[in-house]
Amino acid sequence: MFELRRIPGQPELALREVQKSKNSKVREGLYVDDISQGQEKMPICAVNTIDSEKPPQFMYITKMKYPSSHNLIPLEGGCGCTNRCSDSEKCLCAVKNGGEIPFNRNGAIVEAKDHAIYECGPLCKCPPSCHNRVSQHGIKYQLEIFKTKSRGWGVRSLNSIPSGSFICEYTGEVLSEKEADQRTGNDEYLFDLGRSKSSNQTMGGDLQSTSISGENVEDEEGFTIDALEYGSVSRFINHSCSPNLVAQNVLYDHDDKRMPHIMLFAGENIPPLQELTYDYNYVLGTVQDSAGNIKIKECYCGSIECTGRMYRHSNQGMQKLQEPP
Ligand SMILES: C[S@@+](CC[C@H](N)C(=O)[O-])C[C@H]1O[C@@H](n2cnc3c(N)ncnc32)[C@H](O)[C@@H]1O
């Protein structure tokens, strides 16, 4: 005989909620049928069974909004493969990725990298079905936003998600460091990029000086994505101290390493209705509130590994990706 027991801190699945809805024609707590208003390949609904709050208003965008004052560095060329880039020794994009395609045949990322990975782009000869074009194709799991008890809105999937699968892009307005600083007090949707490693990115936190693809970009200006006014479903993904997603820098449609795409991938197999989370990696002591005080924020992720704070010392690392299938 086996007995199923909930591990302390293990999140409740919303199965009962969904099963109840299956028996009725109307989904319980459904507020909005599609927050993307047709912009994503599948509708993303908003569900609230906690209170009467409606999802906040913002402009839904599936593509990044780049600053008009900065010209993106354009691509110089692409690969000449016509065979879906299956020969990684000949494919120029695979060579840029250290001689391998970073995705397996199921489209799962094999390993999250510290530096940006290169997908094939508009100048490549390969077809859209190429193995090295994954995150550029957009959402493929049925995501929804839902109201949580203590963390505002969150995101979950109605489908089960295999480890390594692409989930969504963190889209928003790209701001210079200076512009981002001016948004102090309104920094809940900021995601710093450019000078940060993929596995060391910060949300609303400090930029780490590092080397991307072997180039030292320490002295270059850093950029931040702000998803407060313009964003996608990703802006609702909460922080967890035991996250199930990882963020990966990806380049494919331009060659500007200061402004890579931030693509979120499953870090483990995720059952349906489990909240999707990643580690914001906020760095303690680097974010100030509008009064200039060091920002301290309590974490309510509920994980047994929860540190209780959303800001912590920069040497506390992020989780590794589980072996994709
Ligand atoms: C990018 S937003 C995430 C979506 C947000 N929950 C909402 O309703 O729009 C980040 C904000 O969500 C809340 N949040 C995210 N993760 C949290 C956590 N683990 N504990 C407490 N609050 C959290 C905090 O207010 C944080 O500043």
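Trainee: Why is Tyr 60 called buried?
Mentor: Its relative accessible area is 7%, and buried means under 20% (exposed is over 50%, partly exposed lies in between; 1.4 Å probe, protein chains only). So Tyr 60 qualifies as buried. Phe 58, at 16%, is buried too.

Trainee: What should I keep in mind about the numbers?
Mentor: This is a predicted model, where local features need pLDDT of at least 70 and side-chain atom pairs count only at pLDDT 80 or more, while totals for chains, interfaces and linings use all residues. Residues are numbered from 1 along each chain as its sequence is written, and side-chain values use heavy atoms, leaving out hydrogens and water.

Trainee: How many aromatic pairs does the structure hold, and why is the pair of Phe 58 and Tyr 60 called tilted?
Mentor: There are seven aromatic pairs. Rings of Phe, Tyr and Trp (its six-membered ring) pair if their centres lie within 6.5 Å; planes under 30 degrees apart are stacked, over 60 edge-to-face, and the rest tilted. Phe 58 and Tyr 60 have centres 6.0 Å apart and planes at 40°, so their pair is tilted. Phe 103 and Phe 265, with 6.2 Å and 35°, are also tilted.

Trainee: What does the pair of Phe 103 and Phe 265 tie together?
Mentor: Phe 103 lies in the loop between helix H2 (92–96) and S4, and Phe 265 in strand S16, so the pair ties together parts that are 162 residues apart in sequence. Helices (H or I, at least four residues) and strands (E, at least two) are DSSP runs, numbered from the N terminus.

Trainee: What makes the charged end of Arg 235 count as sitting over the ring of Phe 58?
Mentor: The rule asks for NZ of Lys or CZ of Arg within 6 Å of the ring centre and within 35 degrees of the ring normal. For Arg 235 the distance to the centre of the Phe 58 ring is 4.3 Å. Arg 235 also lies over the face of Phe 236, at 4.9 Å.
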